[in-house]
Each structure stands twice: as structure tokens, then as C-alpha cells.
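Thanks for coming, everyone. Please have a look at the structure on the screen, and then I'll walk you through it.

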Amino acid sequence: MSTVSPPAATAVVSAEHLTKRFHQGDSVVEAIKDVSLKIEDGEFVALMGASGSGKSTFLHVMAGLTRPDEGTLTIADTDLSRLSDSRLTHFRRRKIGLVFQAFNLIPTLTAEENITLPLLTDGRSEQIEDRLEPLLDRLGLMARRHHRPDALSGGEQQRVAIARSLITQPALILADEPTGSLDSVNGQNICRLLRELSEEQRRTIVVVTHEPSVAVWASRIVVMKDGRILTEFRASDFQDAQSLAIHYQNVIKSAIPA
Ligand SMILES: Nc1ncnc2c1ncn2[C@@H]1O[C@H](COP(=O)(O)OP(=O)(O)O)[C@@H](O)[C@H]1O
Ligand SMILES: [Mg+2]
């Protein structure tokens, strides 16, 4: 390894001309088409769009779960297309934190065991001691640490999932409809938590959502339609979720069909 480091690149995500196709029988669906996006270190981005617009596919490509058919993707200075499958898995474990709508916790493990699992599977159990307690404390889970998922509320389960995504101190947190299984109060609390994490810890976070009430918490909102990035705007341009929702609907309606 060279002792002279290159200047730090600030883009955590650099996606260029990404296309992903799915083949179903004789037909081909282009789930994302020529998608280019840069996300800087510490940004909180909402990827917004209707069902089927390609949000999850884009998120899965950014996570290294799906390989694009075309285009290049650099995450934290690593060109993912150059990685073998096993190196990609290793990269994902170290650099990407994933949060899903359905929480995806292991039902037989306690909250604490779910949170520490990514360090254990990566052979980094020595990091548990320093990281677990501050995380439990920050996410308000100290009193729930020994409970299994079925004894936790939905909001608590999602906080456990967020803690699990943070414990590896990844370069990028990707959350796919993280409030989709929660009532509006718990959903808003999860949004507030993500926003606070981005501000306090400069976490780089991408949240996929179709809800303006979620997107409004992000600093930057990227709108997808029919597999393409249609436009983007700043949440600070809007007073509240309702005015964001009106603008979003207008943008979607006035878009020329692909
Ligand atoms: N594994 C898959 N096989 C076939 N088609 C898929 C697959 N995943 C997504 N698609 C299709 O790609 C398009 C975009 O889907 P998706 O990325 O899930 O959108 P969103 O998350 O915005 O709802 C949809 O037409 C969907 O049916
Ligand atoms: Mg989706």
C-alpha cells in the first residue's frame, strides 16, 4: 500500500449511466435506465417515486446486491464492477448498512444479538464492546436489549435494525421504505432519528420512499419515474410535507412519458 494517500474524494456514491434489466419470459423490463447520481459525504437523500419507478432496484444496485447491466458505480472510492462476488459480499458487509421495510431481524435472537451479528459474521467481535452500549443508549434501546423481536414494538424493531446497520460504521446507510410497516407517529420518529444521525454523526443516508412526509426529512430529494431520475430538489425549498407533496405531484404529472 502506498504511504501517500490521494486527496480524499467527497462523493460516497458515484453512479454513472446505470441500467438494470430484468428478463421475464420473452419480455424485458428496464427497471432503471441511464441513472446517474452523486451523493456527497454526510448527505441525507430521499429517493422518491411511485411504486414500480425503480427505487428499490437502484437501492439494491447501490448496495451491491444487484449488478447493473450497464454503467459504473463507485461507492466509497471502490468501483464495484471490479469486485468478484466474494469481494463484493465482503465490501457490502463492511461499507453498507441496510434497513428494510420489514425490519428483517432474526426472530430467535435478542435485540442485542441482532445488532452485533454483522460484527460477528465479519470476524470483528472485538469491536462489540466499544460500540454496542453507545448505540443502545443513543437509540433508546438500553431497556430492550435482551428482548426478542416479537416482544418489541414496530418502532423498536426498526430502531434495532438501524442500530444493526450502524454498528459496522458503514460508509453508506441505505433504507428501503423504512417507515412502510409503521404507523405515522412511529414512522415520523424513525425519520427524525435518521435525520439526527445524519446531522450528529455525518452519516450518509439514502431513504427510498413514496411518501412526502418521509422525504421532507431529507436534505435532498431525488425523484424517479419509469426507471429514470426525473428531477431533484431541496427539502428546504418547502415549508412542510404538504407543499412538497403538491410540488412532487405536479412534477410527476407534467413529466413527458418515457
Ligand atoms: N427481480 C425482478 N424481476 C423482474 N422484474 C423486476 C424485479 N425487480 C423489479 N422488477 C421490475 O422493475 C421495475 C422497478 O421495480 P422496483 O425497483 O421494485 O420499483 P419501486 O421500488 O420503485 O417500486 C418494476 O416494473 C418491477 O416489476
Ligand atoms: Mg420498492
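A definition to start: a polar contact is a pair of N or O atoms within 3.5 Å; within protein, one must be able to donate a hydrogen and the other to accept it, and residues adjacent in sequence count only if both atoms are side-chain atoms. Now the ground rules. This is a predicted model: local features need pLDDT of at least 70, side-chain atom pairs count only at pLDDT 80 or more, and totals for chains, interfaces and linings use all residues. Residues are numbered from 1 along each chain as its sequence is written, chains are lettered from A and ligands numbered from 1 in the order in which they are written, and side-chain values use heavy atoms, with hydrogens and water left out.

Let's begin with ligand 1. Which backbone N or O atom lies 3.2 Å from an oxygen atom of ligand 1? That one belongs to Ser53. Two side chains join in. An N or O atom of the Lys55 side chain is 2.8 Å from a ligand 1 oxygen. For the Ser56 side chain, the distance is 2.9 Å. Alone, ligand 1 exposes 560 Å², and the protein buries 63% of that. Those areas come from the Shrake-Rupley method with a 1.4 Å probe; for residues, only the protein chains shown count as cover.

Next, the shell. A residue is near a molecule or strand if one of its heavy atoms lies within 4 Å of it. Around ligand 1 we find, among them, Phe22, Gln24, Val29, Gly52 and Thr57. By class, this shell has four nonpolar, seven polar and one charged residues. Here Ala, Val, Leu, Ile, Met, Phe, Trp, Tyr, Cys and Pro count as nonpolar, Asp, Glu, Lys and Arg as charged, and the others, Gly among them, as polar.

Which elements supply it? β1 (11-24), β2 (27-40) and α1 (55-62) each give at least two residues. The most come from α1, with three. Helices (H or I, at least four residues) and strands (E, at least two) are DSSP runs, numbered from the N terminus.

Stay with α1. Six of its eight residues are buried, so α1 is largely enclosed by the rest of the structure. Buried means under 20% relative accessible area, exposed over 50%, and partly exposed in between (1.4 Å probe, protein chains only). Lys55 and Phe58 are among the buried ones. Just after α1, Gly64 takes a positive phi of about 75°.

On to the lining of the largest pocket. Which element gives the most to it? β6 does, with four residues. α2 (85-95), β6 (96-100), α3 (111-121) and α5 (154-166) each supply at least two. The lining divides into seven nonpolar, six polar and three charged residues.

Helix α5 also holds Ser165. Ser165 is buried, at 4% relative accessible area. Its side chain reaches the backbone oxygen of Ile162 at 2.7 Å.

Last, two backbone angles. Most residues other than glycine have a negative phi. Asn104 has a positive phi, near 55°. Asn104 sits in the loop between β6 and α3 and is partly exposed, at 39% relative accessible area. Glu177 also has a positive phi, near 50°. Its place is the loop between β7 (172-176) and α6 (184-201). Is Glu177 buried or exposed? At 13% relative accessibility, Glu177 counts as buried.
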